Amino acid sequence: MTKITFTKTLAYTLFASAVAVAGMTTLPSFINSDEAPGITLNCELVAQGIQAPTAMVFPGPNTGWVTEQTGKIRLVRDGKLTGTVVLDVKNKMVRVGSGYEEKGLLNVVLHPKFNTNGKFYLFYSRNTSTINPDSKNGRKFDHTDVVAEYKMLPQSDMADTASAHIILAQDKPDGNHNGSGLVFGADGYLYVTFGDGGGQRDEHGTIGNGQDMNTWLGKVLRVNVDGDAPYTVPKDNPYVGKDGVKPEIWAAGFRNPYRITIDKTSKQLFVGEVGQDLYEEVDILEKGANYGWRVVEGNHCHNPNTGCSFTGYTAPISEYHHSEGVSVIGGNVYNGSQIPGLKGKYLFGDWTGPVWYLQKAGKAWNRGKVTIKNFPRGAKITGWGEDQSGEMYILLNAEAGPGPYGATTGSAYKITKS
Ligand SMILES: [Ca+2]
């Protein structure tokens, strides 16, 4: 195993200090609690030499793909990273910075019928020259986030670059908070998450994008990619036919819902929603629900910062304070067979390294600490994966950003029994 060193970026150092100060001045006696018992797991290195891994999917029983933030899908076969590049979208994307960076190739999901139709979907950031009509001095949007469909070449490990077509495109006022969650529900529809537009505190328009029902920003969308191109809106979406509301919206009130996943047993969708300065949260997605941002952050008032109303907002199933982390990296419910004690638990982490599980207990979800042995110290958690038999994988980056193009400080580990 490679020894992984960790270098703090200036941005992260500043951010962590600001959080520490906020914690001291506003929450001097905050005590963390894990209601459920801690568990210990192990992990096995599957692939190293990856540049800033963002997502991992499994097109075959012994075949995985890992997306690199800088644009490539790398092929992993029989537990080893191969030289095969399934696809490289670097030339379609924005230039990805080497330090802390939220843009780039952020996610991939396979069509439920991938085995027969070879279709898959990417979420990446591309350049734009469009002027942002809400900017004060005629500035351009920062970039455009897109969801693109691709098909595999027949009988090949590689994608057909000519098959690309854009399903969704959303202009972004700022570079951060891109969402990028992609999952197919049990209904066969594609769910896509978009962040609130970026900057901080969702200071967009008069009420913020999270609460503005006339934008995809700060929302989870639900679309049908199997009808007319590029997509159709399912008739049972909650806001179809409502004036001033985008019909693609399934749920609202998000800041940066970085990951969305499906529990293959319960069919519930889980969202890891990255908070502002104080609280990170995990949500279970419900039709037409509003998760409260920017009015609330987790179970706490945000704007206004006291005396807000929680009426109409769906609470997270779990939240944690920034004394424990800074960005939730939503994971998966374990549905594998090799770790019986993990069955039905939602495993997730924070970008700074801690890992927890959530276990349903009556109406509540209790949190427990997860200790992973042989886990590289100081590495950033950037994503999770679930293979065809339900075993789970964790993606790490030794650095806080992608590094220069071609840098390889990322790795993928399989979660195993202790
Ligand atoms: Ca919320």
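Which residue in strand 19 does Tyr 279 stand opposite? I started my notebook with that one, and I found His 321 in strand 19 across from Tyr 279. A reminder to myself: this is a predicted model.

**Entry: the strands around strand 16**

I looked up where these partners sit. Strand 19 covers residues 318-321 and pairs with strand 16 in the antiparallel sense, over four bridges. Strand 16 itself runs through residues 279-284, and I saw that it also pairs with strand 15, residues 269-274. That pairing is antiparallel too, with four bridges.

How many residues join strand 15 to strand 16? I counted along the hairpin between these strands and noted four residues.

**Entry: the whole chain**

I listed two helices and 26 strands. Laid along the principal axes, the C-alpha atoms fill a box of roughly 55 × 50 × 45 Å.

A compact globule with 418 residues would have a radius of gyration near 22 Å, and the protein chain has 20 Å, so the value agrees with a compact globule.

**Entry: inside and across**

Then I looked at burial. Of the 418 residues in the protein chain, 45% are buried.

My last look was at contacts. Among contacts in the protein chain with a separation of 6 or more, I noted that 60% come from residues 24 or more positions apart.

Methods. Residues numbered from 1 in each chain as written. Predicted model: local features only at pLDDT ≥ 70, side-chain atom pairs only at ≥ 80, totals over all residues. Rg over C-alpha atoms; globule rule 2.2 N^0.38 Å. Buried ≥ 20, exposed ≤ 12 C-beta atoms within 10 Å, placed from the backbone. Contact = placed C-beta atoms within 7 Å. Pairing = 2+ DSSP bridges.
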